[in-house]
Amino acid sequence: MFEEEQQGKDHADYGNYLTKFVANQLEPEHGSGFAKRQTELFRQFYRTFPIANTVYSQLSWSQYKLLLRIDTQDKRDFHIAETVKNNWTVRQLERQIYSSLWERLLISNDRESVLSVARNEKQPSDAKEIIKDPMYLEFLGLHREASYYEKDLERAIISHLHDFLLELGNGFAFIARPKRLPMMDTHYRFGIMFL
């Protein structure tokens with residue numbers, strides 16, 4: 001319908017009248033899910049994903065609404081692949097977008113490498129391909145300091161382990177808290193272990 005009315009143009013000649021008209025026709029019968037703003041989102045969704053095969057059933061409408069805000073196709077493809085692969089919730093996807101995950105991974109990698117790892121087309125050959133630099137650890141609740149004591153960082157990480165593992169990326173799992181290991185007359189303390 002939109003293509004026919006717009007005759008191949010980005011917008012119809014008569015401005016945003018079309019979405020308002022469609023919303024006025026549908027909203028009384030089908031409810032607020034068809035208000036003008038929602039109708040504009042439907043239109044944007046159709047223009048962004050015109051081929052049904054590019055739509056992932058694993059993603060919710062709320063996730064698609066976040067993805068529609070992304071300005072480049074590569075960045076959108078990356079976030080779609082990561083969301084599907086890691087089963088991110090809407091909140092997790094939103095955090096990754098707003099903490100500039102795509103840009104942080106691109107700092108040390110090329111665009112195609114980042115996309116191919118996200119799509120599972122290749123396995124990472126170097127840790128730099130999956131570890132973000134810099135990391136955003138705002139969820140730990142620590143004040144901005146030049147450095148931290150290891151015990152303070154450790155305590156904050158364990159308290160917020162889920163978010164920390166999400167920030168690290170793929171391939172990490174929490175195994176155990178630090179342990180004291182007595183050897184002869186000395187006690188050694190082994191840090192947080194990740195798999």
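Of the contacts in the chain with a separation of 6 or more, 47% are between residues 24 or more positions apart; a contact here means heavy atoms within 4.5 Å. The model is predicted, so that local features need pLDDT of at least 70 and side-chain atom pairs count only at pLDDT 80 or more, while totals for chains, interfaces and linings use all residues. Residues are numbered from 1 along each chain as its sequence is written, and side-chain values use heavy atoms, with hydrogens and water left out.

The chain contains ten helices and four strands. Helices (H or I, at least four residues) and strands (E, at least two) are DSSP runs, numbered from the N terminus. Along the sequence the pattern is α-α-α-α-α-α-α-α-α-α-β-β-β-β. Of the 195 residues in the chain, 32% are buried. Buried means under 20% relative accessible area, exposed over 50%, and partly exposed in between (1.4 Å probe, protein chains only). The accessible surface of the chain is about 13,000 Å², and carbon and sulfur atoms hold 52% of that surface. Accessible areas come from the Shrake-Rupley method with a 1.4 Å probe; for residues, only the protein chains shown count as cover.

Helix 4 spans residues 61-68, and its buried residues are Gln63, Tyr64, Leu66, Leu67 and Leu68. The cover over these buried residues includes helix 3 (36-48), helix 5 (73-86) and helix 6 (90-98). Helix 4 packs against helix 6 at an angle of about 10 degrees, with the axes 9 Å apart. Axes are lines fitted to C-alpha atoms, for helices over the stretch in contact, and angles run from 0 to 180 degrees between N-to-C directions. Helix 4 is therefore roughly parallel to helix 6. Angles under 35 degrees count as roughly parallel, over 145 as roughly antiparallel, 65 to 115 as roughly perpendicular and the rest as oblique. From helix 4, Ser62, Gln63, Leu66 and Leu67 take part in the contact, and from helix 6, Val90, Leu93, Glu94, Ile97 and Tyr98. By class, six residues of this contact are nonpolar, two polar and one charged. Ala, Val, Leu, Ile, Met, Phe, Trp, Tyr, Cys and Pro count as nonpolar, Asp, Glu, Lys and Arg as charged, and the others, Gly among them, as polar.

Helix 6 also packs with helix 10, at an angle of about 50 degrees and with the axes 12 Å apart. These two helices are therefore oblique to each other. Gln92, Arg95 and Gln96 of helix 6 meet His162, Leu166 and Glu167 of helix 10. This contact has one nonpolar, three polar and two charged residues. Helix 10 (residues 161-168) also holds Asp163, which is partly exposed at a relative accessible area of 28%. The C-alpha atom of Asp163 is 8.5 Å from that of Leu140, 23 residues apart along the chain.

Asn87 is exposed, with a relative accessible area of 64%. Ser100 is partly exposed, at 26% relative accessibility.
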